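Please keep the sequence and the model in view while reading.

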Amino acid sequence: MNQLPVLDIRLSFRRGGVHMDDHKVTAAMPIERFLPKEVVLPLSQHIGPEATAIVKRKDTVTRGMLIGAEETLGAPVHASVNGTVKSVIRRPHPTLTEASAIVIETNAEATDPQFEEDPEWRRLSQEEMLTRIAKAGIVGLGGASFPTHRKLRLPPGVRIDTLIINGAECEPYLTSDHRLMLERTEDLVKGACLIGRIVDARQIIIGIEDNKADAAAMLQKTIDDFSDTMPRPWVRVCKTRYPQGSEKQLVEALANRVIPSGKLPMHVGCLVQNVATAIACYRAIRFREPLMDRVVTVSGKGIRTPKNLLVPIGTLISDIVLHCGGMTDDACMVIAGGPMMGRALSRLDVPVIKGTGGLLFFTEDQIEHEMYGPCISCGRCLDVCPLGLEPNQISLYTEAGLALETLPFGTRDCFECGSCAYVCPAKRPLTQFIQIAKSALMRKTALGIAVRPGGPHG
Amino acid sequence: MGERRLLLQPGPHLHDTLSTREIMWWVSASIAPAFLFSLWVFGLQVLWLIISGIAGALAGEYLVNKGRGQHPTLKDGSAVLTGLLLVGTLSPGLPLWMPAIGSFAGIIFAKMLFGGLGFNVFNPALVGRAFLMACFPLSMTTTWIAPRTAGIPDAVTQATPLALVKLQGIEHAFTTLGVNASYYTKLFLGLRSGSIGEISVLLILLGAFVLVWKKIIKLTIPLSVIAGLLAVSFFSGIPLFHLLTGGLWFGAFYMATDYVTAPLMPRGQIIFGFCIGVLTGVIRIYGGYPEGICYAILILNTLTPALNHWFRPVRPTWEGAPS
Ligand code: SF4
Ligand code: SF4
């Protein structure tokens, strides 16, 4: 057992949360590289406007070449492999159903271009660093997919004093950030320091859940070995408690500041960046290296050989399945992302995009087949909601067709962590009721729709 | 890879294993020792009463399900639990058909007509008991069986300790009962006359311990109930006696903690529980019934929606800056 850098208190957010089996079976598996025969690069993998394709059929591309331009609000797209453009067409997309994408056939023979180090990288101005991050097409890799340069460009009047690097990885099964912290420790620390400089942070805190003590120890050692980094990042260990890795909860745990309804971490002087994002920023600033790969945890009972894979962005999930030995016979659900906040996929011919942190394969017996029942007012959902919302009420009102009346119960604040639905003994799809209420509020139209078939009163 | 049908479901894709049905079974199972003890103390009669109570509850629920064209809801276990809890409040000498009538009425009037599980205002088991009390007051109050201390249970009727106090006054009753330190031990262990579920405080505590350990109930409500009763019974001069008699523990741990009819938030729960305790004491000492907890809980059930409305989770708000 590695020694913990912070032995005494395990930090945590103040209210709610759930403790569950973490199922991190891939935690000890080193990251493996996988090069597919073909990649499909959607032009929209982020929040913001779609990039414009600047290559056409039969063009030869090298890894790292800009193929989809978009610099102001969105994020550009780069070739993730060497090869030839097969087509630019509409393809199935993991979150948008369908979107334009550039399909590249891999040339496995070609050698990857090297990204030259910029000798001046330590002395770049904040603006220059931001431009490099924007040009590299980096988005929040923890799943949010918000363009990182936009998040780092603070609105006037906002001051950040604390930069938080999110290594909590609180979703069960996922281990990609854990592996990155172990295998790319130095890059991570340097990335954290660079981002700290961009936003003028006075302190940098790397937050890690206590089920990854080895990563925490490794980081602490790396930081101790650098003598020159200013400010020195702190490594802090948090309780393993879902949703520790959500921005608001992590700020609460590490900076001891509560973010009120409708506000962002920056309103309390904090900024949160994911581990993988920090590493990508470092590569972008020092080597001008664009975002081309990502680590994906392939796990769950339904896949034959679980792995942590480093794949070029655009790798088809079907190719990953083949590479991991195929699905077991009883596998019946594939989830992109974590088991709590990820979404089930309807097809496997969709690519891994920048925000895909995991691919989980669930078998028959892991699926909740039962119809949901009436709320028995057990109060569990109220106990676990980290924001103090009232999912029970939102679900009851929405069920009765009164979605527009749910505002006082906090519908708008819910970030859909799923803790409430996880604990509900009546198996009510609370998060989905909340989504319905949210969209009803957004459209200001009354809805009265059944969510999943079921319920004795349905 | 062959065509495989992939399932689509909204997240979260993980669920806690505890389900409504499991909760109902845990509650039922946790009270089983107390019932088995009654079976031993009062004889086989108790078993038939239990079966009768459960059958009535199931019949009531099934009929309404059928009549309203609903999915059958018997499997959620809540009807069985209602039947069981109702029998827990009855005296062991009742005619066998009576619990069936009570639970049938309780389920139909208190639960199904309100919309079924989750929508009831009143605790169905207690409504069942109140119904029986109104219809058959004589059987309900005079069919107590003396506990067997050794050998075959005595068929001789013996009033409950609280009823004796009501009838004969404290001093006289205490002489009749032979109240001393060992009498309190008997009350605690359950070697006395009383309702089927209530007699053994020890076994009720054991069941409650299981429920708390399984995180099915919290102690907020039961402790508040006990505190409330203690507060009032100090005026009567016999707090310990009040504490150990009259179904207090059964009511506090198994009736007042019913999810549906109790408030959600801790502060609401404290008020709810404390008021139940106080009201129980007031009914016992100043009211017309020897026992009070059944009515106290039913009355406070009506306050639950208001308590839920007054005490809601507090969310942090932004101080200063405009939103
Ligand atoms: S999904 Fe929303 S309501 Fe449910 S626990 Fe999370 S934040 Fe609270
Ligand atoms: S957890 Fe489910 S059953 Fe319990 S109060 Fe919340 S919605 Fe109702």
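## Basis of the model

The model is predicted, so that local features need pLDDT of at least 70 and side-chain atom pairs count only at pLDDT 80 or more, while totals for chains, interfaces and linings use all residues. Residues are numbered from 1 along each chain as its sequence is written, chains are lettered from A and ligands numbered from 1 in the order in which they are written, and side-chain values use heavy atoms, with hydrogens and water left out.

## Backbone features

Most peptide bonds are trans, and most residues other than glycine have a negative phi. A cis peptide bond links Tyr242(A) to Pro243(A), with omega about -5°. Pro243(A) belongs to the loop between β11 (234-238) and α6 (247-255) of chain A; helices (H or I, at least four residues) and strands (E, at least two) are DSSP runs, numbered from the N terminus. In chain B, the bond from Gly11(B) to Pro12(B) is cis, its omega being near -5°, and Pro12(B) is located in the segment before α1 (20-42).

Arg288(A), although not a glycine, has a positive phi of about 55°. Arg288(A) sits in the loop between α7 (275-287) and β13 (293-299) of chain A. Glu416(A), also not a glycine, has a positive phi of about 60° and lies in the loop between α10 (391-399) and α11 (419-423) of chain A.

## Interface of chains A and B

Contact, meaning heavy atoms within 4.5 Å, involves 68 residues of chain A and 43 residues of chain B. Three salt bridges (a side-chain nitrogen of Lys or Arg within 4 Å of a carboxyl oxygen of Asp or Glu) are found across the interface. Arg21(B) and Glu370(A) form a salt bridge through their side chains, at 3.5 Å from N to O.

On the side of chain A that touches chain B, α8 (317-323), β15 (331-336) and α12 (430-443) are among the elements that each supply at least two residues. β15(A) gives the most, with five residues. By class, this side of chain A has 38 nonpolar, 17 polar and 13 charged residues.

Terms used. Ala, Val, Leu, Ile, Met, Phe, Trp, Tyr, Cys and Pro count as nonpolar, Asp, Glu, Lys and Arg as charged, and the others, Gly among them, as polar.
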